Amino acid sequence: MRTMRACLAAALTAAGFFGAGISGAAAQDKQITLCWAAWDPANALVELSKDFTAKTGIQMKFEFVPWTNFADRFLNELNSHGKLCDLMIGDSQWIGGAAENGNYVKLNDFFEKEGISMDNFMPATVLGYSEWPKNTPNYWALPAMGDAEGWTYRKDWFSRPELKAEFKKQYGRELAVPKTLDELTDIAKFFQGREIDGKKVYGAAIFTERGSEGITMGVSNFLYPYGFKYEDPKKPYHMDGFVNSADSVKGLEAYKKLYDCCTPPGHSNAYMQEDLDAFKSGQVALQMNWFAFFPGLYKDPNVGGDKIGFFVNPGEKTVGSQLGGQGISVVAYSDHKEEALQYIKWFASDAVQKKWWQLGGYSCAKSVLNDPNFPSTAPFAADFLKAMGQVIDFWAEPSYAQLLQAEQKRVHDYVVAGQGTAQEALDGLVKDWTEVFQEDGKL
């Protein structure tokens, strides 16, 4: 992420995050620095890591950077062979480049020595966060922060008798969590421009951001359920008829339909923070966002608690949710690899994974997620578990940035700017991606 990735706004600034681990007075001979994004789960990791220091005596220092600068800051650090970071919680999209460029330590021998099995983690997170090449037992990270795109809704609005009656009269079904993307769009239409408690409200806050990855992550939540595939399963990197299939076109058209009919005014360059703002300010009935933000939303004094509900990305022809989240890797240029590996071993344990979830992180461990009691541990836990069973990820190729930029432009030009057709946008994307893979010698 996807996964989480690129664009958390000023509310999650570096203030209060940088150097959160230790004071100068606490500096000791053994100290490692963990690099990640500046957001709520990072605070949970700081708290969790106190147990690691208590157990090992190794001090922890943290370098947390806002999402707006996250990729630039740490990819530059890796590419320059910097020694700032001993541990890196990097995006799943980085794994191919980090492996092929020698930025991460390959962990297979360490895992074997310490008895750490990837079978203990959810398969989608191993594939998404750890493996390169994909679908091979070559591991460059331990799954650290599971995440997927999901939805929040104004449960209190859905429960109002007068709105329930009006919706049923208009659509012939109950005003409830949508089972399909078409039903979701109907709900968004129903709320668009409606007055609630004296305030004009809108249907849905969705991802439309052009500069980093936002609209690609959003569109994926519609493309996957309609049957979009990145490539021919029998011919890697051959995309014609898959990326631009008739079903893929329907998915892209459906996303544009939702954007055109049912988003708040000016919602043409929105990603994580803008969607959060729209929902928390009471503007929208529905919000697309990452599960990682749901604990904070549930605690929100204005829209949380009994007012908020959660649901997994609905299906259509099939099901699919965009994978977010990250793995934790040992940086190859670290002078403290031994201590960093100790942290990996500690973090992989079932007890630590259980506490990680309790503190607000998203564990990828089967021991946590497959516990019969897990669905009842949080209002969104059951939906998170379902989402992680249907996630699909963007390319993790070393050239992922070029691939991402191409999709950002093609789909934004169509969905937001209204240029051309969905078929033309996806045909153009096949052309762009084919050129990238030809340059890489993969076609």
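Biologist: Which residues do ring pairs link into a cluster?

Modeller: Keep in mind that this is a predicted model. A search of the whole structure turns up 48 aromatic pairs. Ring pairs join up these residues into a cluster: W36, W39, F52, W67, F70, F74, W94, F293, Y343, W346, F347 and W356.

Biologist: What kind of aromatic pair do F70 and F74 form?

Modeller: Both sit in helix α2 (residues 67-79), four residues apart, so about one helical turn separates F70 and F74. F70 counts as buried at 0% relative accessibility, and F74 is buried with 0% too. Their ring centres are 5.8 Å apart with 80° between the planes, and over 60 is the cut-off, so the pair is edge-to-face.

Biologist: How many residues apart in sequence are the parts that the pair of F207 and Y271 ties together?

Modeller: Here the ring centres are 4.7 Å apart and the planes at 90°, so F207 and Y271 are edge-to-face. F207 is in the loop between β7 (202-205) and α9 (214-226), and Y271 is in the loop between α10 and α11 (272-280), so the parts tied together are apart by 64 residues.

Biologist: Are α8 and α10 roughly parallel or roughly antiparallel?

Modeller: L184, T185, A188 and K189 in α8 meet K257, L258, C261 and C262 in α10. Those contact residues split into five nonpolar, one polar and two charged. The axes come within 9 Å and cross at roughly 10°. Angles under 35 degrees count as parallel here, so α8 and α10 are roughly parallel.

Note on methods. Residues are numbered from 1 along each chain as its sequence is written. This is a predicted model: local features need pLDDT of at least 70, side-chain atom pairs count only at pLDDT 80 or more; totals for chains, interfaces and linings use all residues. Side-chain values use heavy atoms; hydrogens and water are left out. Axes are lines fitted to C-alpha atoms, for helices over the stretch in contact, and angles run from 0 to 180 degrees between N-to-C directions. Helices (H or I, at least four residues) and strands (E, at least two) are DSSP runs, numbered from the N terminus. Angles under 35 degrees count as roughly parallel, over 145 as roughly antiparallel, 65 to 115 as roughly perpendicular and the rest as oblique. Contact means heavy atoms within 4.5 Å. Ala, Val, Leu, Ile, Met, Phe, Trp, Tyr, Cys and Pro count as nonpolar, Asp, Glu, Lys and Arg as charged, and the others, Gly among them, as polar. Rings of Phe, Tyr and Trp (its six-membered ring) pair if their centres lie within 6.5 Å; planes under 30 degrees apart count as stacked, over 60 as edge-to-face and the rest as tilted. Buried means under 20% relative accessible area, exposed over 50%, partly exposed in between (1.4 Å probe, protein chains only).
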